[in-house]
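Colleague: I am new to reading models like this one. Can we go through it together, step by step?

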Amino acid sequence: MSDLLETRGLTVELPTPSGWVRPVNDVSLRIAEGESLGLVGESGSGKTMLSLALMGLLPPGARVSGEATLAADASPRKLMALSEREWRDVRGGEIAMIFQEPMTSLNPVMRIGAQIEEAIRAHQPKLAVSEVKRKAIDALRRAAIPEPESRAQQFPHQLSGGLRQRAMIAMALAAGPRVLIADEPTTALDVTVQKQILHLLDRLRRELKLGLLFITHDLGVVAQVAERVAVMYAGRIIEEGPARDVLTKPKHPYTQGLLKASPTLRRGALTPIPGVVPQLTALPPGCAFEPRCELRRSDCVTEVPALRAAGENHKARCVLV
Ligand SMILES: Nc1ncnc2c1ncn2[C@@H]1O[C@H](COP(=O)(O)OP(=O)(O)OP(=O)(O)O)[C@@H](O)[C@H]1O
Ligand code: SF4
Ligand SMILES: [Mg+2]
């Protein structure tokens, strides 16, 4: 499998009144064609900021270093060097993103079909009107929306939450992107609908050979969709590996803590991780998890631990590994 998307040392810095912070810090990841990578971490760990960097949608004033390479066709693109003009082709055309709340991408006063047609025309302006319409209906059908022709005539508020989520997925994939970033797409849905959407994403990934970056704070969800898992803490990847290994034999105390706190994976009593994620303006000097870690040692505070090999294709950023 060839890599579709690769980041190397990707770092995002943002200005705050108390100085620059790094919500994304030295992140190196790769996603192959047809592969799903689950990105997990508590609120504020930098998951959304990483995806916004990969979509060219960072807040004004952001400083970026490191690399992100998209190899969707024969000529790989260095994403962090794209102009806004080039981003318009890549965004939606090569990398697309879906969000927790479909109404952040759907226009409430425009019919579903017309919105999808607009997304297609943005990338294929020369396509005939009839062809654009056909592609839009195909996109709805592919997202398993029943009676796509009549649904296309409806407004977003006329759809149930699950159907709206499907319509958003249809729109994101309408222009044929190679990479899909799904940022907590099922968090707001009830468990049954959540399962259906996860199945849909899994099927689309396989059918379209998409690279899928699936973001969630829920390890139970990751177990259902991801082949590989990366765990993020205070802007850094602290563990990465095959989903089976990370979820059954986690090597980093933080990942172990997340598992003990997961209502979906853990039967019986849940143990929340004590303490809170540190402020980016006041990170500990060494391991960022040290203030919350029951296994801390004296050398945990001297420097940020490197990612160390913890098994086959499995790495963890902890001195105990
Ligand atoms: N415009 C901004 N300026 C400075 N810091 C910001 C800005 N936007 C977000 N942050 C900080 O960046 C960090 C990462 O935020 P991000 O939204 O990526 O987290 P997340 O992992 O997606 O969390 P959640 O699970 O809640 O969605 C947080 O500490 C947040 O406070
Ligand atoms: S490096 Fe030290 S403080 Fe950090 S997770 Fe490992 S044992 Fe805990
Ligand atoms: Mg987020």
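Modeller: A residue counts as exposed when its relative accessible area is over 50%, and as buried when that area is under 20%. Values in between count as partly exposed. Keep in mind that this is a predicted model.

Colleague: Is N313 buried or exposed?

Modeller: Start with where N313 sits: the loop between β11 (308-311) and β12 (314-316). Its relative accessibility is 60%. The cut-off for exposed is over 50%. Therefore N313 counts as exposed.

Colleague: What is the phi of N313?

Modeller: Most residues other than glycine have a negative phi. N313 is not a glycine, yet its phi is positive. The value is about 55 degrees.

Colleague: Where is K209, and which accessibility class does K209 fall in?

Modeller: K209 is in the loop between α7 and β8. Its phi is also positive, near 55 degrees, and K209 is a residue other than glycine. For the class, take its relative accessibility of 47%. That value lies between the two cut-offs, so K209 counts as partly exposed.

Colleague: How many residues of helix α1 are buried?

Modeller: Helix α1 spans residues 47-54 and is mostly covered. The buried residues are K47, M49, L50, S51, L52, A53 and L54. After α1 comes G56, with a positive phi near 65 degrees. Out of eight residues in α1, the buried count is seven.

Colleague: Which element gives the largest share of the largest nonpolar core?

Modeller: This core has 37 residues, and I98, I116, I169, L180 and F214 touch the most other members. Elements that give two or more residues include α3 (112-123), α6 (161-173) and β8 (211-216). The largest share is eight residues, and the element is α6.

Colleague: Why does this core lie between domain 1 and domain 2?

Modeller: Domain 1 covers 3-94 + 177-316, and domain 2 covers 105-176. The core lies between them because residues come from both domain 1 and domain 2.

Colleague: What class are most of the residues around ligand 2?

Modeller: The space that ligand 2 takes is the largest cavity. Around ligand 2 there are 13 residues, and the closest are C287, C293, C300, C318 and V319. By class, two are charged, one is polar and ten are nonpolar.

How values were computed: Residues are numbered from 1 along each chain as its sequence is written. Chains are lettered from A and ligands numbered from 1 in the order in which they are written. This is a predicted model: local features need pLDDT of at least 70, side-chain atom pairs count only at pLDDT 80 or more; totals for chains, interfaces and linings use all residues. Side-chain values use heavy atoms; hydrogens and water are left out. A residue is near a molecule or strand if one of its heavy atoms lies within 4 Å of it. On a 1 Å grid over the protein atoms alone, a cavity is a set of points where a 1.4 Å probe fits but cannot get out, and a pocket is an open set with protein on both sides within 12 Å along at least five of seven lines; lining residues have an atom within 4 Å of a point. A molecule sits in a cavity or pocket if more than half of its atoms lie within 2 Å of its grid points. Ala, Val, Leu, Ile, Met, Phe, Trp, Tyr, Cys and Pro count as nonpolar, Asp, Glu, Lys and Arg as charged, and the others, Gly among them, as polar. A nonpolar core is a set of buried Ala, Val, Leu, Ile, Met, Phe, Trp, Tyr and Cys residues joined through side-chain atoms within 4.5 Å. Buried means under 20% relative accessible area, exposed over 50%, partly exposed in between (1.4 Å probe, protein chains only). Helices (H or I, at least four residues) and strands (E, at least two) are DSSP runs, numbered from the N terminus. Domain bounds come from an automatic or database domain assignment.
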